[in-house]
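Hi,

Here is the structure I promised to send over. Have a look at it first, and my notes follow below.

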Amino acid sequence: MTRTRTQDPAESLIRPGPAENTKLLIDGELVDASSGKTFATVDPSTGMPLGLAADAGPEDMDAAIAAARRAFDTTDWARDHVLRARCLRALRDRLQSHIEELREVTIAEAGAPAFFTTGPQLEGPVSDLGYFADLAESYQWETELGTARPMGILTRRALLREPVGVVGAVTPWNFPHQINLAKVGPALAAGNTVVLKPAPDTPWCAALVAKIAAEEAGFPAGVFNVVTSSDHALGAQLATDPRVDLVSFTGSTDTGRAVMAAASESLKKVFLELGGKSAFIVLDDLDAGALASACATAAFTVSTHAGQGCALTTRLLVPRARLEEAVTATADVMGGLAPGDPADPGTICGPLISERQRARVEEYLRLAVEEGGTVVCGGGRPAGKDEGFYIEPTLIAGLDNSSRTAREEIFGPVLVILPHDGDEDAVRIANDSPYGLSGAVWGEDPGRIDRVVRGVRTGTLSVNGGIWYSADVPFGGYKQSGIGREMGVSGFEEYLETKAVAYPA
Ligand code: NAD
């Protein structure tokens, strides 16, 4: 794969490379779309096409669902834990052997800063496949409940944990490998078969994993299918098709609502990871140096990957008496984080994924000013960057938590700083949101920190810089941030059913 600045997608195909014209993975075969259609994938750092991906239609999705259904119903995949662990470890090992190629595609297609690909953007989720392979082998698939006398009949009871069946995975573009593999890994480890439909913005990330899985990892045909498409309707098809038993979705809250409604027709299980507007709470017992460190952390966090992370803390809640000090400390750091080429190892803030996403963020920047907010730093496109979809890290002050800027998910490098009047007030503001995905608290007194931790209604929380992201830590949201948990044992169990069996004793 070569990063190219050509305008013409067909022209980029002239350049040789592994991902120049990617395929679908259906029933163990790497195939073109049955219509022969392709669509361009774009480098967000230049705005130019990188190359082409197979553009599946409903008939291809239908074939992928049929293959997954057949593989689940007629093979031993669901019962063969050893085979599943072997395939997942082989996939991990083969992905690791192609890691530089994957890194290049991830930086070029998702605009992911290179430093992040050694963690959650690539190497983390690839390595985490081993965690799910281990779980397939170590999980307690059967539990004896002992004997009892329900209705006077002496009975021995046992619980069996079994895979749900065919899993439809629908994913966004911001952390393509993390989100794809955090669904595919546990779903396959649990014995399901999978149809993955990645976002139209990042087809290559998924298609390259599909190619390596098909050619090198030894999965039985039909167990793992990947369907790239420019058409969002293929996600809806997975949600409605009665042959799919569970739909696992990550994306915006509005689309999650549509997925849940569509899934209700066939009453399938729904697993949702949605949006966020998480709070970074600074308590008033920090000295000046610690407060500056907290503000610097908040500034870095929201600028990383141009703010395109659902769990990023996008509201900074600081003591009212120290608002000015906090605004200065935050702007000092944010103002210095110039957006840069994601391939540069020093870049923290790369481009937004698309022109559409940049237009959305710019609309929020206009709204912030219209609502009475002040742009303390940033606020627009960086000077001298004419190509690509860049926006400067931006700090907004002067608003309260009732403003749309403080309530809605912007999904760009935009931080809103809000004053609070003590710990209880900070918790109240943090919870005054439709979302409840993540958050952070910085303070000195462990008792006060603990009360804040227990008060905030959110799925993950970082205390004084602690990192919760790990294969064994469940991730997900309260309220409109989602239903269910991804990763960890809880994430694995999302893909299981429970069967209770009763024997005469
Ligand atoms: P999106 O909701 O537009 O799309 C996500 C996926 O859903 C894509 O694959 C898309 O093709 C598909 N899709 C679109 N319409 C559909 C429909 N009606 N039925 C089924 N599938 C459909 O989100 P996006 O723009 O790709 O990603 C950005 C959003 O995702 C942000 O709002 C962000 O907060 C959220 N997100 C959440 C998490 C999380 O874990 N909570 C992680 C990453 C992103």
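Before the notes, one term: a residue is called buried under 20% relative accessible area, exposed over 50%, and partly exposed in between, with a 1.4 Å probe and protein chains only. Bear in mind that this is a predicted model, where local features need pLDDT of at least 70, side-chain atom pairs count only at pLDDT 80 or more, and totals for chains, interfaces and linings use all residues. Numbering starts from 1 along each chain as its sequence is written, and side-chain values use heavy atoms, with hydrogens and water left out.

Two loop residues first. Leucine 267 is exposed, at 74% relative accessible area, and sits in the loop between α9 and β12 (269-273). Its phi is near 50°, a positive value in a residue other than glycine. Methionine 487 also has a positive phi, near 75°, but counts as buried at 4% relative accessibility. You'll find methionine 487 in the loop between β22 (482-483) and α16 (488-493). For context, most residues other than glycine have a negative phi.

Now the ligand. There are 27 residues around it, the closest being Thr171, His232, Ser252, Leu274 and Glu409 (a residue is near if one of its heavy atoms lies within 4 Å). That shell splits into 15 nonpolar, nine polar and three charged residues (Ala, Val, Leu, Ile, Met, Phe, Trp, Tyr, Cys and Pro are nonpolar, Asp, Glu, Lys and Arg charged, and the others, Gly among them, polar). Domain 1 (22-42 + 51-274 + 482-502) and domain 2 (278-469) both contribute to the shell, so the ligand lies between them; the bounds come from an automatic or database domain assignment.

As for polar contacts (pairs of N or O atoms within 3.5 Å), tryptophan 173 has a polar side-chain atom 3.0 Å from a ligand oxygen, and so does lysine 197, at 3.0 Å from an oxygen atom of the ligand. With alanine 236 a backbone N or O atom lies 3.4 Å from a ligand nitrogen. On its own the ligand exposes 840 Å², and the protein buries 89% of that (Shrake-Rupley areas, 1.4 Å probe).

Finally, the overall fold: the protein has 16 helices and 23 strands (DSSP runs, H or I of at least four residues for helices, E of at least two for strands, numbered from the N terminus). Of its 505 residues, 58% count as buried.

Cheers

Notes
A polar contact is a pair of N or O atoms within 3.5 Å; within protein, one must be able to donate a hydrogen and the other to accept it, and residues adjacent in sequence count only if both atoms are side-chain atoms.
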